[in-house]
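Trainee: Hi! Could you walk me through this one, please?

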Amino acid sequence: MNTLVSSVWCWTFQICAIFAVIAVSASAAPVDNTPVPIIAYSADGPNADGSYVFTYETGNGIKVEEHGQLKQVNDTNSVVVVQGSFSYPNAEGSPVALTYVADENGFQPQGEHLPTPHPIPAAILKALEYIAAHPEQDNIAVIALAGCVAAAPAEDVIPIVAQSQEGPNPDGSYKWSYESGNGIKAQEEGHLENAGQENEAMNAQGSFSYPSDDGQQISLTYIANEEGFQPQGAHLPTTPEIPPLIQKALDWIAAHPSKEDQNQV
């Protein structure tokens, strides 16, 4: 267990140190190759109970601190729970700070400079609450419709100009579609895969579209199967690319495993 804690501590220290240094390097121009002194440093552990603490501060304003301890998750498994923070001045001299927790739920960073997700639209939130209250129903159509209801004022009565439905059939297949008077179109079809087997799962494919407030056509296609709901659409947000310096640091860590990790292989 001590080897595991030592390995985790070593890895965490490497990551924090590299991320903090490259963050300052990325924001500094021009590049200054002057050695940066360590003006404060302390470390305690890893101890016999799995706990540890370390802090350091550099001459160019980087500050890092972290502490961790073992946590018993259940009768057979334990994890190292880590809490820490680091900060540094950006190119304009403003402080950039990040705090984080790393435990059985993953790495959970917090910082004012980090991007935040868009708020959930009221119609989507209402649909999710309905789905949570009615788990016995097939609610994919509810999600599709909820994404479109904002296209018209709530007081307007919107006619259904076309609708068709087939199934559910004995083999588990089904198909439905509809079109509303305000330009909403939705369709979906599904079938049962591996019927009667342990890995039996429903496979659904569909799409919906609607005009936005400025008249642009918003379209979304999706697949829903044993791997979850997988939407695609030009209007959906995409994951930002990993900055080159962060990727370079990750590549370096992968190519230079700690001694403890090498001994365990």
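Mentor: Happy to! Let's start with Glu 104, which counts as partly exposed because its relative accessible area is 37%, between the cut-offs of under 20% for buried and over 50% for exposed (1.4 Å probe, protein chains only). Keep in mind that this is a predicted model, where local features need pLDDT of at least 70, side-chain atom pairs count only at pLDDT 80 or more, and totals for chains, interfaces and linings use all residues. Residues are numbered from 1 along each chain as its sequence is written, and side-chain values use heavy atoms, with hydrogens and water left out.

Trainee: Which residue forms a salt bridge with Glu 104?

Mentor: Lys 71 does, and the closest N and O atoms are 2.8 Å apart. A salt bridge here is a side-chain nitrogen of Lys or Arg within 4 Å of a carboxyl oxygen of Asp or Glu. The pair links distant parts of the chain, 33 residues apart: Glu 104 sits in the loop between β5 (95-103) and β6 (106-110), while Lys 71 belongs to strand β3 (residues 63-72). Helices (H or I, at least four residues) and strands (E, at least two) are DSSP runs, numbered from the N terminus.

Trainee: Why can such side chains pair at all?

Mentor: Side chains of opposite charge can do so when their charged atoms come close.

Trainee: And is Lys 71 buried or partly exposed?

Mentor: Lys 71 is partly exposed, since its relative accessible area is 36%.

Trainee: How many salt bridges does a search of the whole structure find?

Mentor: It finds one.

Trainee: OK, back to the strands. What is the bridge partner of Lys 71 in β4?

Mentor: That is Val 79. Strands β3 and β4 run antiparallel and are joined by 10 bridges; two strands pair if DSSP finds at least two bridges between them. They form a hairpin, with five residues between them.

Trainee: What about β2 and β3?

Mentor: Strand β2 (residues 52-58) is joined to β3 by six bridges, again antiparallel. Val 53 stands opposite His 67 in β3. Their hairpin has four residues between the strands, and Gly 61 takes a positive phi near 95° there.

Trainee: Which order do the strands of that open sheet have?

Mentor: The order of the six strands is β1-β2-β3-β4-β5-β6, with antiparallel pairing. At the edges are β1 (38-44) and β6, each pairing on one side only.

Trainee: Where's the other sheet?

Mentor: Another open sheet of six strands runs in the order β7-β8-β9-β10-β11-β12, also with antiparallel pairing. Its edge strands are β7 (160-166) and β12 (228-232). Inside it, six bridges join β8 (residues 174-180) to β9 (residues 185-193), and Glu 179 stands opposite Lys 185 in β9.

Trainee: Changing topic: which residues form a nonpolar patch on the surface?

Mentor: Ile 120, Leu 125 and Leu 128, with about 250 Å² of accessible area together. Accessible areas come from the Shrake-Rupley method with a 1.4 Å probe, and for residues only the protein chains shown count as cover. Patches take residues with over 30% relative accessible area and no salt bridge, joining like charges within 9 Å and nonpolar side chains (Val, Leu, Ile, Met, Phe, Trp, Tyr) within 5 Å. Leu 128 lies in helix α2 (residues 122-133).

Trainee: And the whole protein?

Mentor: It has five helices and 12 strands, and 25% of its 265 residues count as buried.
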